[in-house]
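Subject: Structure handover

Hello,

Here is the structure we spoke about. My notes on it follow below.

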Amino acid sequence: MKKVTGLKVNNHSSSQRLVDIKIENDYLDKVKEQFDQFDLLDIEYKPFLRFHITDIFNKIFNEKIQSLTKTILLNRDQGAFVIGPEEMDQSKYDTDFLVKLSTALTHLVGIPNFDAMYGKYYARFEVKNTDNSDSYLRKAAKKLDLHTDGTYVKEKTDWLLMMKMKEENSEGGESTLLHLDDWEDCEKFFTDPIGKENFVWGSPKSKNVDYKIEHPIFSTDQLGKPIISYIDQFPEPQSLKQGLYLNSLSESLEGSKKLISFKLPPGYAIFSNNYFMLHGRKAFKPHPKLYRELLRQRGIFYK
Ligand SMILES: [Fe+2]
């Protein structure tokens, strides 16, 4: 692993694929001191300020954090890292600061897409014990099956960052990841011609996307390796064979023994490549006072 001053970089305890980056508190305090000079509203209204705080952030780590993060995300053998403070202090590193921190992290590697669900370059949302929305996203008692993001939008989605801002009374709900190259049946589904057929993708009302798109589930990267764009809820099968293919794909993914699973604490984020690393979440044990606040950003790499 590369050495970067101010960071502790190791393999994550859950998998050799996953990198664990801890930000030393002295350094994070320097970041906080700098970021406190900027109002979050200004960062939301003036896109260039996002690049300015990213430059400040990168310089605190001797401009080495940019290549470290990009290298991990693009490395087919890795493709994801968990990042957060060495010691989390929720009163000091408050949610406004965490939005700024996530902004600096994403802008090291690329540009976030507009998130239609939230109406900003990021989305922040709560998950409680009960929910009456129209997708699995906020249903705590249900697991979120393995998937990639951006399956139903026109924009490309190269990467995504998922940050946990707050969590109270939670039991279960581990974050899950599956690397395509670890998945036992990847070759079988990748080589099946149905996987390269166009599927129709829609989305429920809460996503605020009023069109449908078509694309296959599998394609190949520049080196000819399989990449995937898949989620269980949004493809609309147009034939029996498409429906059955999706059903067995889902069963195979959910049955994989190679699942990476770990508890993501508040203040920490998962940053992953969206082409070969699938993500999901286990179910939470119901609790009347379960409360979680999450943030996501997804976007494209700089050219
Ligand atoms: Fe997702």
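Tyrosine 121 is buried, at 6% relative accessibility (buried means under 20% relative accessible area, exposed over 50%, partly exposed in between; 1.4 Å probe, protein chains only). This is a predicted model, in which local features need pLDDT of at least 70 and side-chain atom pairs count only at pLDDT 80 or more, while totals for chains, interfaces and linings use all residues. Residues are numbered from 1 along each chain as its sequence is written, and side-chain values use heavy atoms, with hydrogens and water left out.

Aromatic pairs: there are 15, counting rings of Phe, Tyr and Trp (its six-membered ring) with centres within 6.5 Å; planes under 30 degrees apart are stacked, over 60 edge-to-face, and the rest tilted. Tyrosine 118 and tyrosine 122 make a tilted pair, with ring centres 5.7 Å apart and planes at 45°. The rings of tyrosine 121 and tyrosine 122 are edge-to-face, because their planes stand at 75°, with centres 5.0 Å apart. Tyrosine 122 is buried at 1% relative accessible area, whereas tyrosine 118 is partly exposed at 34%. Elsewhere, ring pairs join Tyr27, Phe35, Phe57, Phe61, Tyr93 and Phe97 into a cluster.

Iron site: the protein donors are His147 (NE2), Asp149 (OD) and His279 (NE2), 2.1 to 2.2 Å from the iron ion. Donors are N, O and S atoms within 2.8 Å of the metal (3.2 Å for Na, K and Ca); water is not among the atoms, so sites may look incomplete. The donor spacing in sequence is H-x1-D-x129-H. Both histidine 147 and aspartate 149 are buried.

Regards
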